[in-house]
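Good morning, and thank you for joining.

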Amino acid sequence: MDKQRMRQHLLLDTLRTKSKLSIQECAQLLNISESSIRRLLIKMEDEKLILRTTGGIQLNVAGNPQLFDMSKITHLREKQAIAAYAADLVEDNDIVYIDSGSTTIQFAATLKSRILNNSINNVHVLATSLPVMHLLSGVCELTLVGGSFRPSLNDFVGYATETFLNHFHFKKAFIGCDAVNTSQGLMTTSTENTRIVELVMQHSTRCYVLADSAKFNTLSFIAFAPTDCPYVTGVITDCGIPEDVIEKHQKAGLNLLLAPLH
């Protein structure tokens, strides 16, 4: 990847977490002059990647439906901590499945940084999510799994997706979650998600569920695994989770991995 594309990737990845950047912040981030950054930003706006505002830039989500506007995501700091912890689990030559969702998109962005920094090599990612595809395109070997498109989540589900995934085995899988409950287990919002997650879990050597602490002791629509599911290697959450909640869920069979908050 050439220097200009790497700079564009770094700016876009930062925008996904900060929503907006000033010209000065862009220049400091890339360690280039303000005149150079202005030329780069004009090019990025021409490519419909960003919108230039008074004194800064923001993501052009409307012009790029594959982008995921992280400014609308709750508990972003916690999700970024979880993503950093999870990305450190990926090793050279891993075949990785990445699920759809706001936390897994943060994971994909962090994984991308590790790959670009040559911390890990020869990683092959399979995903059903267009935002994940956009993040990792040109960075590592990438397989986008198609099927019936869901505009609300920018991902693919359904029979074709499940049939395709059934042919693969993953060294590691990273799955999103909408609720964690000791009686109901790990939960999500739709039966389509459940079928895909169940299939991926059974085809993975290690499977990690990413769930911020606000999702514990809550309920969602449908469970995809009990708390003591043998297919779940661990649930990665942030260290903001209360001690009594940790103890309660560990007693229910959940292996909790706590990501430090920075």
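**Overall form and nonpolar cores**

Of the 262 residues of the chain, 52% count as buried, that is, under 20% relative accessible area, with exposed meaning over 50% and partly exposed in between (1.4 Å probe, protein chains only).

Please note that this is a predicted model, in which local features need pLDDT of at least 70, side-chain atom pairs count only at pLDDT 80 or more, and totals for chains, interfaces and linings use all residues. Residues are numbered from 1 along each chain as its sequence is written, and side-chain values use heavy atoms, leaving out hydrogens and water.

The chain has 9 helices and 15 strands; these are DSSP runs, numbered from the N terminus, with helices (H or I) of at least four residues and strands (E) of at least two. Its radius of gyration is 19 Å, close to the 18 Å that the globule rule gives for 262 residues, so the chain is as compact as a globular protein of that length. The radius is taken over C-alpha atoms, and the rule is 2.2 Å times the number of residues to the power 0.38. Along the principal axes, the C-alpha atoms fill a box of roughly 60 × 40 × 35 Å.

Contact here means heavy atoms within 4.5 Å. Among contacts between residues at least 6 apart in sequence, 68% join residues at least 24 apart.

Which residues touch the most other members of the largest nonpolar core? They are Leu186, Phe216, Phe224 and Val235, in a core of 30 residues. Such a core is a set of buried Ala, Val, Leu, Ile, Met, Phe, Trp, Tyr and Cys residues joined through side-chain atoms within 4.5 Å. Elements giving two or more residues to this core include strand S9 (170-176), strand S12 (204-210) and helix H9 (243-251). Helix H8 gives the most, with 5 residues.

Leucine 186, leaving aside neighbours within four places in sequence, is in contact with residues including Cys177, Val209, Phe224, Val235 and Leu254. Apart from this core lies another, of 29 residues, among them Ala109, Val123, Leu136 and Tyr208.

Finally, consider leucine 51, found in strand S2 (residues 50-53). Is leucine 51 buried or partly exposed? At 33% relative accessibility, leucine 51 counts as partly exposed. Beyond neighbours within four places in sequence, the contacts of leucine 51 are Glu45, Gly56, Ile57, Gln58, Leu59 and Asn60. Leucine 51 and alanine 225 lie 42 Å apart in space, C-alpha to C-alpha, and 174 residues apart in sequence.
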